[in-house]
Amino acid sequence: MQAKKRYLILLSAGACLILLFCLGGIQVPLSRRGPSRPHDRRLSGYGPGARCDDLTEHISPRQKRDANSGLYTGKRCRMESCFDFSLCERNGFKVYVYPQQKGEKLSESYQNILSSIEGSRFYTSDPGQACLFVLSLDTLDRDQLSPQYVHNLKAKIQSLPLWNGGKNHIIFNLYSGTWPDYTEDLGFDIGLAMLAKASISTENFRPDFDVSIPLFSKDHPRTGGEKGYLKYNTIPPYRKYMLVFKGKRYLTGIGSDTRNALYHIHNSEDVVLLTTCKHGKDWQKHKDARCNKDNAEYDKYDYREMLYNSTFCLVPRGRRLGSFRFLEALQAACVPVMLSNGWELPFSEIIDWNRAAVIGDERLLLQIPSTVHSIHQDKILSLRQQTQFLWEAYFNSVEKIVLTTLEIIQDRVLLHTSRSNLMWNSLPGGLFTLPQYSTSLRDFPFYYAELGIKPPSKFTAIIHVVTPLVSQSQPVMKLLVAVAKSQYCAQVIVLWNCEKPLPAKHRWPATSVPVTVIEGESKVISSRFLPYNTIPTDAVLSLDEDTVLSTTEVDFAFTVWQSFPDRIVGYPARSHFWDSNKERWGYTSKWTNDYSMVLTGAAIYHKYYHDLYTTYLPASLKIMVDQMSNCEDILMNFLVSLVTKLPPIKVTQKKQYKETMMGQSSRASRWADPDHFAQRQTCMNKFASWFGAMPLVHSQMRLDPVLFKDQVSILRKKYRDIERL
């Protein structure tokens with residue numbers, strides 16, 4: 001009997017313990033450290049409200065990842081579940097920035113982000129037209145120890161009338177968490193908003209919803225941005241060092257494991273990995289036996305010299321997953337060797353990082369030297385070239401980073417017109433291949449060689465007319481006839497920008513190709529670059545009414561363009577220069593060996609640039625051009641050089657071309673007018689200011705028909721009219 005009683009007592013006590021355990025009255029830690037945050041307790045199953053069957057229920061890795069984040073309520077958000085597409089159907093993809101609230105200070109970096117949005121074609125000042133909303137409250141730095149930290153952000157955001165739980169909002173963030181654990185918690189619930197975040201982990205990244213952005217410094221330029229450094233020391237592909245790093249060696253806490261182990265592969269020869277213990281006020285408290293030696297070695301090397309003279313640059317994690325080293329390596333054409341497990345790389349949704357970086361594993365640090373040594377020099381050169389493309393296409397300014405973020409979201413919203421992987425990962429990049437124009441590679445001027453096809457063999461001539469038609473002997477009549485005789489001409493469009501009424505059809509000469517006369521929109525000069533539906537060909541021959549060209553010259557220019565379909569090819573060339581005395585850009589029309597512009601008064605280019613001119617450029621620049629009736633040709637040259645990173649192509653002409661064009665009354669008065677010339681000087685600097693840099697590229701190359709000479713009779717030469725000088 002006594003044994004039975006003891007058995008019953010033990011059974012009852014065990015049942016009570018199990019009941020208390022299931023009700024949350026007793027908590028047993030899984031480890032000595034135990035769960036440190038509420039969401040860790042929920043994950044372990046020992047938090048309040050856990051059921052007994054929760055303890056044995058199988059949890060998949062994905063469920064565990066989703067449950068592991070109590071950072072915000074919209075952890076499982078995707079575009080289809082947390083984004084209202086109907087807001088984008090009425091007015092397209094438009095972005096609204098909240099007006100800045102009184103007393104709220106913005107960091108320079110966040111002000112640059114907002115300015116980039118407000119200066120883009122996506123911006124709208126009307127929230128009723130918006131598809132996406134951006135806070136005017138600074139969310140970039142959510143480290144509570146930072147002077148840039150904004151307090152009471154949760155209450156401020158919740159009080160916004162358009163917040164709507166965060167739906168259709170995007171929040172930009174560079175830093176989150178603080179010492180000692182540096183979590184990705186922003187300190188407020190972002191609700192259903194998207195995150196454009198630096199140093200975001202794959203664990204917390206919501207695919208096709210969030211955007212991983214690079215960590216950039218406060219000194220990162222807002223617009224323009226410096227070019228990459230591949231042009232220096234390009235060949236041979238190997239540099240002085242094979243692999244380098246110079247930075248802090250965290251003695252304790254997050255990020256210390258990897259950096260503390262770097263000395264194992266440092267050899268002071270081709271692998272130079274330098275760390276210093278000197279960071280933080282109390283670094284000497286944690287100082288170890290290696291610190292003095294490390295600090296002395298660290299001071300011997302110049303970081304910039306190492307960066308520009310190394311083939312590979314190690315990019316280990318810092319306290320957070322991202323690092324400034326990432327962008328620095330890209331710019332320096334030093335192939336990044338990523339050593340930050342779990343980091344969702346910047347713009348991973350669109351960029352194929354295997355073409356520009358080496359993705360390492362922190363657990364296999366000792367294998368890194370042998371890995372980079374085994375990469376063939378052809379592959380190294382390819383990787384370095386891709387770093388330069390990516391740097392200049394998406395990363396070299398705050399504006400590029402912001403626009404890339406918005407373009408990615410636009411592709412999600414307008415999925416049927418989204419860009420292909422090739423468009424994002426090859427020149428000129430996704431920012432300059434507008435999906436509204438086409439989603440087919442063959443419709444753009446950049447991919448003919450990639451697709452193995454040749455440009456179509458026809459062009460459309462657009463003659464810009466601003467003077468009344470009073471005589472059949474006017475230059476425009478002779479020009480129209482000469483152009484129409486070209487074997488490559490498909491159609492002639494006369495753009496009537498004259499204030500006088502359209503002439504009757506019989507006033508125009510009879511030609512073998514169709515001639516269409518259309519009135520310019522508002523009779524402004526920019527209307528010559530509108531994307532008219534009446535242009536059936538890829539190539540556009542842009543002409544001023546007083547241009548003098550022979551049919552042979554037209555044919556020769558077009559055949560040259562077929563070899564350079566992404567550039568402006570034409571006759572009248574101009575150049576720019578830096579005036580050091582006045583500290584501004586200058587414009588010159590002197591006939592020299594050097595040029596950087598081919599004016600659109602006699603030039604051929606791809607019709608896609610009409611779309612880009614109309615859509616990409618801000619209204620302010622086009623308004624300025626229209627008000628002056630000047631500089632539209634300069635602006636088009638700026639745009640094309642910005643996209644291609646290349647100069648235009650000048651073709652040579654008969655000697656009479658220079659003399660005749662300068663002798664035309666309508667043009668001579670403009671070219672000789674000091675005000676006209678001064679306006680063009682002003683335009684150069686206004687345009688350079690908006691672009692953030694000077695995109696024009698100088699060249700001395702001229703293509704001459706004499707190069708086409710062959711050992712046959714003069715009667716069989718293709719361009720014999722031009723050869724007679």
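C313 and C334 form a disulfide, with their sulfur atoms 2.1 Å apart. Here a disulfide is a pair of cysteine sulfur atoms within 2.5 Å. The link of C313 and C334 is right-handed, with 105° about the S-S bond. C313 sits in strand β10 (residues 310–316), and C334 sits in the loop between α11 (325–331) and β11 (335–339). The pair thus links distant parts of the chain, 21 residues apart. Helices (H or I, at least four residues) and strands (E, at least two) are DSSP runs, numbered from the N terminus. Both C313 and C334 are buried. Buried means under 20% relative accessible area, exposed means over 50%, and partly exposed lies in between (1.4 Å probe, protein chains only).

The model is predicted: local features need pLDDT of at least 70, side-chain atom pairs count only at pLDDT 80 or more, and totals for chains, interfaces and linings use all residues. Residues are numbered from 1 along each chain as its sequence is written, and side-chain values use heavy atoms, with hydrogens and water left out.

The structure holds five disulfides. One of them joins C277 to C291, with an S to S distance of 2.1 Å. The torsion about this S-S bond is about -90°, so the disulfide of C277 and C291 is left-handed. C277 lies in the loop between β9 (271–276) and α9 (291–298), while C291 lies in helix α9, so the pair ties together parts that are 14 residues apart in sequence. C277 is buried at 0% relative accessible area. C291 is also buried, at 0%.

Another disulfide joins C631 to C683 (S to S 2.0 Å). This link is right-handed, with 85° about the S-S bond. The pair connects distant parts of the chain: C631 is in the loop between α20 and α21, and C683 is in helix α24, 52 residues apart. C683 is buried at 0% relative accessibility, and C631 is buried at 0%.

The backbone of C631 also stands out. C631 has a positive phi of about 80° although it is not a glycine. Its loop runs between α20 (619–628) and α21 (632–644). K645, another residue that is not a glycine, has a positive phi of about 60°. K645 is found in the loop between α21 and β22 (649–651). At 30% relative accessibility, K645 is partly exposed.

One joins W179 and P180, with omega about 5°. P180 is in the loop between β5 (175–176) and β6 (194–197). The other runs from L427 to P428, with omega near 0°. P428 lies in the loop between α15 (421–425) and α16 (448–451).

Three strands form an open antiparallel sheet in the order β19-β18-β20. β19 (584–588) and β20 (597–598) stand at the edges with a single partner strand each, so one side of each has no neighbour in the sheet. Two strands pair if DSSP finds at least two bridges between them. Strand β18 (residues 573–579) pairs with β20 over two bridges. A573 has V598 of β20 as its bridge partner.

Helix α19 (residues 608–615) is mostly covered, with six of its eight residues buried. Its buried residues are Y608, Y609, H610, D611, L612 and Y613. Their cover includes β13 (459–465), β16 (539–544), β21 (602–606), α20 and α21. Contact means heavy atoms within 4.5 Å.
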